[in-house]
Structures are given as C-alpha cells and as structure tokens.
Amino acid sequence: MRWLMLGDITGHPGVAAVARYLPGLITKHRPDLVLANAENSAQNGRGITRQAAERLYDAGVEILTLGNHAFDQKDTASWLGDDPRIVRPANLHTSVPGQGYTTVKVKGKVVAVLNLIGPAGIPLGSNPFLFFDQFYKDISASCDFLFVDFHAEFTSEKLAMGWHADGRATAVIGTHTHVQTADERILPGGTGYLTDVGMTGPRDGVLGVRKETVIRKFIDQLPAKFDVADGFLQLSGVLIDVSESGRVTKIERIQQLEQ
Ligand SMILES: [Fe+2]
Ligand SMILES: [Fe+2]
C-alpha cells in the first residue's frame with residue numbers, strides 16, 4: 001500500500017495549497033492513506049482550528065498530526081479529543097487533551113499513527129525514545145503497520161529516532177523545521193525514513209512567515225509580530241510504499257512550487 005504524508009501545513013496559504021494540489025496528487029499517485037502535519041494550519045499559522053481541519057479533510061487528508069503548536073488556538077483543547085482523525089504528540093503529560101495515536105484500517109490492515117515530539121529545542125514532552133519502546137510493546141500485537149511523525153528540531157535526534165525505531169516502525173517521518181531534507185532512505189530493518197518532510201504553505205516567506213518581518217527581526221534584534229506570508233504556494237510531501245510484510249519498498253519526496 002502507498003501512503004502520502006504532507007509536511008507542516010502553514011496558515012491559509014497551506015490549506016489553499018492542499019486544496020489546490022492534493023486532489024491531483026491523489027489522482028496521479030493513488031495513495032491508500034493521506035496524512036498531514038497540521039500544527040500550523042489555522043488561518044493565522046498558529047495551531048489548528050476545526051474549520052482548517054475540515055477543509056483539509058475535504059481536500060482528501062485523512063489523518064492529521066500536530067506538534068509544539070498544537071494548542072496555540074485557545075479553544076483547541078475543548079474539541080481535540082472528539083476527533084479520532086487528529087493526533088497530538090503522545091509523549092506529553094497524560095492530562096493534556098486529545099490522543100497521541102490513532103488507528104485506521106487501510107486495505108484490511110490496521111495502521112497505527114503515532115505523533116512524538118523531540119526534546120532538543122522543544123522541551124515539552126517526556127523522553128520520546130523510551131516512550132516509543134513502551135508504545136511499541138503495547139501496540140505492536142494489535143496493528144500491522146506503524147507510522148511515526150517525529151516532530152523535532154534537530155537532525156540528530158530525528159536520525160537517531162529513525163535508527164532506534166528501524167524494523168519496528170514502518171516509517172519515521174520528521175516534521176517541524178519547515179525545510180525539506182534530501183535524505184529519504186530505507187533503513188536496513190525496512191523502515192522508511194526522512195529527516196523532515198518540509199512545509200506546505202507560502203513559497204516565498206521564511207518558514208511560512210513574511211520574509212520582511214523576519215529579516216527586520218534579525219537586523220533589529222527586537223521581538224516582532226509574525227504574519228503568514230502571501231503570494232505563491234508550495235506543497236511538500238513524501239510518498240511511502242509499504243509491502244505486505246511491512247517493509248518499505250520505496251520512499252520518494254514531493255515538492256510542488258507554484259510558478
Ligand atoms: Fe510547523
Ligand atoms: Fe513545530
């Protein structure tokens with residue numbers, strides 16, 4: 001089966017890019033499951049709203065993952081737990097609303113989707129490596145495939161997680177940096193790996209933010225209000241082909257830039 005994962009959907013341009021490009025990608029690549037990181041998918045690029053989630057579902061996304069910005073919209077905590085299609089980082093405190101993983105049936109197989117957050121740079125959660133070990137012990141008997149969105153800052157912690165989970169997770173795909181890395185590979189145990197899938201949002205900003213504001217901030221060294229950039233769109237994703245046995249047979253990056 002084939003999975004398509006889209007990277008950090010950022011603000012209204014991110015949702016617009018999904019609406020514009022995803023239907024065509026689905027026709028072309030025929031994925032059996034479409035996932036996306038939606039931690040920045042709210043209109044203003046901070047957190048997620050129900051409205052943004054609905055627009056992403058309408059465009060063809062089936063499962064949404066989150067990250068350090070999961071609760072940037074103040075009402076998210078009140079509804080997140082009602083939607084089984086959205087996962088927030090699992091290694092947060094147990095009192096945090098919402099679920100850290102979900103399962104979905106695809107072509108008769110059970111796919112578990114786990115969202116983890118990395119401690120380096122975004123010290124929010126508990127140790128994701130130990131969390132993964134326990135999670136795998138608990139869940140592996142009841143699912144066929146395991147997709148991990150590792151939302152983390154450093155290339156080192158992501159690569160380490162790829163190796164750590166190799167042969168246990170079906171795929172470990174990094175999110176959060178908004179910059180796609182060119183290191184997609186199949187690890188020796190059969191796990192598909194990519195350090196960062198990149199951003200889906202405005203093409204000409206800085207990680208989705210208006211470039212003038214960010215340049216100004218680096219010059220002035222003063223706090224600045226970040227607004228989502230306008231203009232051309234981009235979509236970043238990765239296609240993952242999984243065999244019956246659970247080994248990844250092909251992993252391919254996608255980047256679509258509006259011209
Ligand atoms: Fe993000
Ligand atoms: Fe993030």
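Predicted model: local features only at pLDDT ≥ 70, side-chain atom pairs only at ≥ 80, totals over all residues.
**Stop 1: around Asn68.** Now show its neighbours. Leaving aside residues up to four places away in sequence, Asn68 touches Glu39, Ile117, Ile122, Leu124, His151 and His176. Zoom in on one of these, His151: its side chain and that of Asn68 are joined by a polar contact of 2.9 Å.

**Stop 2: His151.** Select His151 next and you land in strand β7 (residues 145–151). Is this residue buried or exposed? With a relative accessibility of 0%, His151 counts as buried.

**Stop 3: the iron ion (ligand 2).** Bring up the iron ion (ligand 2) and look for its protein donors: Glu39 (OE), Asn68 (OD1), His151 (NE2) and His176 (ND1), which lie 2.1 to 2.2 Å from the metal. Along the chain, these donors of ligand 2 follow the spacing E-x28-N-x82-H-x24-H. Asn68 sits in the loop between β3 and α3 while His176 sits in the loop between β8 and β9, so this pair ties together parts of the chain 108 residues apart in sequence. Asn68 and His176 are both buried.

Why is the arrangement around the iron ion (ligand 2) irregular? Its four donor atoms subtend angles of 85 to 148 degrees, and four donors count as tetrahedral only if all angles lie between 85 and 135 degrees. For orientation, the ideal angle for four tetrahedral donors is 109.5 degrees.

**Stop 4: the bridge.** Now select Glu39. This residue bridges the iron ion (ligand 2) and the iron ion (ligand 1), which lie 3.6 Å apart. Glu39 counts as buried, because its relative accessibility is 1%.

**Stop 5: the iron ion (ligand 1).** Move across to the iron ion (ligand 1). Which residues are its protein donors? They are Asp8 (OD), Glu39 (OE), Asn40 (OD1) and His178 (NE2), at 2.1 to 2.2 Å from the ion. Read along the chain, the donors of ligand 1 have the spacing D-x30-E-N-x137-H. Here, too, the site is irregular, with angles of 92 to 164 degrees among the four donor atoms. His178 counts as buried, because its relative accessibility is 12%.

**Stop 6: what the record marks.** Colour Glu39, Asn68, His151 and His176 together: an unreviewed UniProt entry lists these residues under "binding site". They are spread over 138 residues of sequence, yet they cluster in space, with a largest C-alpha distance of 10.0 Å. If you display the largest pocket, you will find Glu39 and His176 from this set in its lining.

**Last stop: His69.** Finish with His69, where the unreviewed UniProt entry places the feature "active site". His69 lies in the loop between β3 and α3. At 28% relative accessibility, His69 counts as partly exposed. Show its contacts beyond four places away in sequence, and you will see that His69 touches Glu39, Asn40 and Gly47.

Terms used
Residues numbered from 1 in each chain as written. Chains lettered and ligands numbered in written order. Heavy atoms only, no water. Donors = N, O, S within 2.8 Å, 3.2 Å for Na, K, Ca; no water. Tetrahedral: all angles 85-135°; square planar, octahedral: opposite > 155°, others 65-115°. Buried < 20%, exposed > 50% of the residue type's maximum accessible area, 1.4 Å probe, protein only. UniProt positions renumbered as here; feature names shortened; annotations may be inferred. 1 Å grid on protein atoms, 1.4 Å probe; cavity = no way out; pocket = protein on both sides within 12 Å on 5 of 7 lines; lining within 4 Å. Contact = heavy atoms within 4.5 Å. Polar contact = N/O pair within 3.5 Å; in protein donor to acceptor, adjacent residues only side chain to side chain. Helix = DSSP H or I, 4+ residues; strand = E, 2+ residues; numbered from the N terminus.
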